Amino acid sequence: MAGSWDVLIVDDEAVVRDGVSRVLASEGLRVAAAEDGRSALAHEALGSCRLVLCDLMLPDMAGLDVLRALRTRRPGVAVVVITGYATAGHMAQALEAGATGFLPKPFDETELMAAVRHALGGVGPGEERES
Amino acid sequence: MRTRIGTQVILGAGLVTALTIGALAVLILRAHEAALVGELKRGADLLSETIKSSTHYDMLENRRDNLHRQITNMGRQQGIEAVRVFNKEGRIVFSSDASEIGRAVDKQAEACYACHAAGRPLERLPTAARSRVFPAAGHRVLGIINPIQNEPGCATAACHAHGPRDTVLGVLDVTVSLAGVDRDIAWGRGRMVGLAAAAITGSSAILWWLNRRLVVRPVEALAEGTRRVAAGDLSTTIPLTERHELGELARAFNDMTRRLAEAQRQLTQADKLASVGRLAAGVAHEINNPLTGVLTYASFLLKRAAGSPEQRQDLEVIVRETKRCREIVRGLLDFARQTPPRRQGTDLNEVVRRAVTIMMNQLALHRVALALDLATDLPEASADANQIQQVVVNLLVNAADAIGDGGGEIRLSTRATASEAGPGAEIVVEDGGSGIAAADLPRLFEPFFTTKGTRGTGLGLAVTWGIVQSHGGAIDVQSEEGKGTRFTVRLPLAAPAGPGPGG
């Protein structure tokens, strides 16, 4: 179904985007990817996805600003922050900006799927979609 | 211009000795001279009286030849310089030296002055006033005059030489040599000078020796130590051989260098930690993205692996080793993110018990027995319980690693302590493990320094050190290779009064 997505991954590292996309796609999730904040906020997937995986360090704008903008545009979407370097302070700020979960890098396939399933409310892929 | 202390002390002491002995010598010699001269004077006076009485009748009867002979004889005796008789006009009428007979003497002259000074001659004088000492031909002489009084017989004698109204008819003058006395005094003076020289030389030698032993050598050792410290050698110690003030100074010096070395070590360590922290944060951030790629792909492949068991094993190696990289990076990040401790009154026994609970399984796995010895009267320490728990866990992990697979015992104890920094509480972790080589001890707390090979990151003790330092505490390690290691963590006590901050 064109124009309908489950997950949007926002990360400036291609290998992270590709790896995450491969894993999620293999689980039957439809994944879109964006390489920076602006293209993420302009991405067509933003309208339909249920989960955004967002890096906190993006080349064009601060991850926290992206989070706030996402929250404004899609108040109901789950946002899991994936970051390689987060202090307790960063995490508190991210939660305040609307993050619903954290997934510290680097993660393996199992950890990624656990975080994604948790964020999607334990709902299996493709079972409940916005119509 | 540098004058040695020793030289100045010796000069000062020499001067004092010289002055003291000089003053004593002057007093003694004066008294000695006065005694000798006094005795001589009495002798001369006696002689003078003897001459006067033995010539009495010769004078009275005007037997001038007799008188002359007697006076000449007297004058020949040893020690007697001259015997003279002056008449009232000051003319010498008899003398042991015949050549001066008839010579007139000025009444103001030495022999006459005592009586004639007032213008009108005195008729009677005490012995002291009748004598005088004056120099003559190479030595001093003592002269004593003896007035010859008028008597009734003199005026009524046949010669009618003297009128009845005269009181003094002439003067008998006896002079004796003071050469003997002068020799005596000179000898005494010489002896005193010799004694003074010997005393000054002796005391100078003793002072020199004492100065050399008590001052010069310790000061040289101190100066040498100071130069070495100035050149950067903070391991310098001065041998403590002296018990006096300079020994005290040397002890203070050693104490100072020890503290300087400790402070420098801590500064270097703190500096290293800070730069390693910055580096770690940067590296961790950069390396986490590629690690994410490797880990997701490898674990994805492993899950989907349809290939041979061999391929699965290869993939498992990739996943396992990537996870190891992840642990190292996390260690680095933990290290880089050391936060200031939230200190409050903390029961270290409780902290130790929690750490033990965490470690129990791992210790059992290593077949390590744990002996707990917690002080019952341990005062509360000012500490961040979580951070100190991490310290104890780190030390327990190290102790277990040092014991290895053979099994052994770890002794974990707490105790109250009083050090120069004030009262504190200590946690002691002792193991009977492999011990640490003496050469490794100084680097033990350096980041990335590890003796565990690939099993360690070299961050555990660096983090431990950082935590203890940020608590204002101290960590100390004693180790003997093959016998075991003892870590002692000392923390300051919580302020005794006032309620702690709630929550």
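**Thr346(B), with a relative accessibility of 7%, counts as buried.** Here buried means under 20% relative accessible area, exposed over 50% and partly exposed in between, with a 1.4 Å probe and protein chains only. The model is predicted, so that local features need pLDDT of at least 70 and side-chain atom pairs count only at pLDDT 80 or more, while totals for chains, interfaces and linings use all residues. Residues are numbered from 1 along each chain as its sequence is written, chains are lettered from A and ligands numbered from 1 in the order in which they are written, and side-chain values use heavy atoms, with hydrogens and water left out. Thr346(B) belongs to strand 6 (residues 344-346) of chain B; strands (E, at least two residues) and helices (H or I, at least four) are DSSP runs numbered from the N terminus. From its side chain, Thr346(B) reaches the backbone oxygen of Gln344(B) at 2.7 Å, a polar contact (N or O atoms within 3.5 Å, where within protein one must be able to donate a hydrogen and the other to accept it, and residues adjacent in sequence count only if both atoms are side-chain atoms). Leaving out residues up to four places away in sequence, Thr346(B) touches Val351(B), Glu380(B), Ala381(B), Ala383(B) and Ala385(B), a contact being heavy atoms within 4.5 Å.

**Asp347(B) lies in the loop between strand 6 and helix 10 (348-365) of chain B.** Because its relative accessibility is 34%, Asp347(B) counts as partly exposed. The side chain of Asp347(B) comes to 3.0 Å from the backbone nitrogen of Asn349(B). Between Asp347(B) and Glu380(B) there are 5.1 Å in space, C-alpha to C-alpha, although the two residues are 33 residues apart in sequence. Glu380(B) is also one of the residues that Thr346(B) touches.

**Ser204(B) sits within helix 7 (residues 179-230) of chain B.** With a relative accessible area of 15%, Ser204(B) is buried, and its side chain reaches the backbone oxygen of Ile200(B) at 2.7 Å. Along the sequence, Ser204(B) and Thr17(B) are 187 residues apart, whereas their C-alpha atoms are 9.9 Å apart in space.

**Asn288(B), a residue of helix 8 (residues 245-304) of chain B, is in contact with residues of both chains.** The relative accessible area of Asn288(B) is 1%, and therefore Asn288(B) is buried. Once its neighbours within four places in sequence are set aside, Asn288(B) is in contact with Gly84(A), Lys105(A) and Pro106(A) in chain A and with Val329(B) and Leu333(B) in chain B.

**The second largest cavity is lined by residues of chains A and B.** On a 1 Å grid over the protein atoms alone, a cavity is a set of points where a 1.4 Å probe fits but cannot get out, a pocket is an open set with protein on both sides within 12 Å along at least five of seven lines, and lining residues have an atom within 4 Å of a point. Grid points are joined across faces, edges and corners, and a volume is the space filled by probe spheres set on the points.

**The largest pocket holds about 1100 Å³ of space.** Its lining consists of 41 residues, and those nearest the centre of the pocket are Val397(B), Asn398(B), Asp401(B), Lys452(B) and Gly460(B). Two or more lining residues come from each of helix 9 (309-336), helix 11 (385-403), strand 10 (422-431), helix 12 (460-470) and strand 12 (484-492) of chain B. Helix 11 of chain B contributes the most to this lining, with nine residues.

**Chain A has five helices and five strands, and chain B has 12 helices and 12 strands.** Read from the N terminus, the elements of chain A follow the order β-α-β-α-β-α-β-α-β-α. Of the 131 residues of chain A, 53% count as buried, while in chain B 37% of the 503 residues do. Among contacts in chain A with a separation of 6 or more, 65% join residues 24 or more positions apart, and the corresponding share in chain B is 65%.
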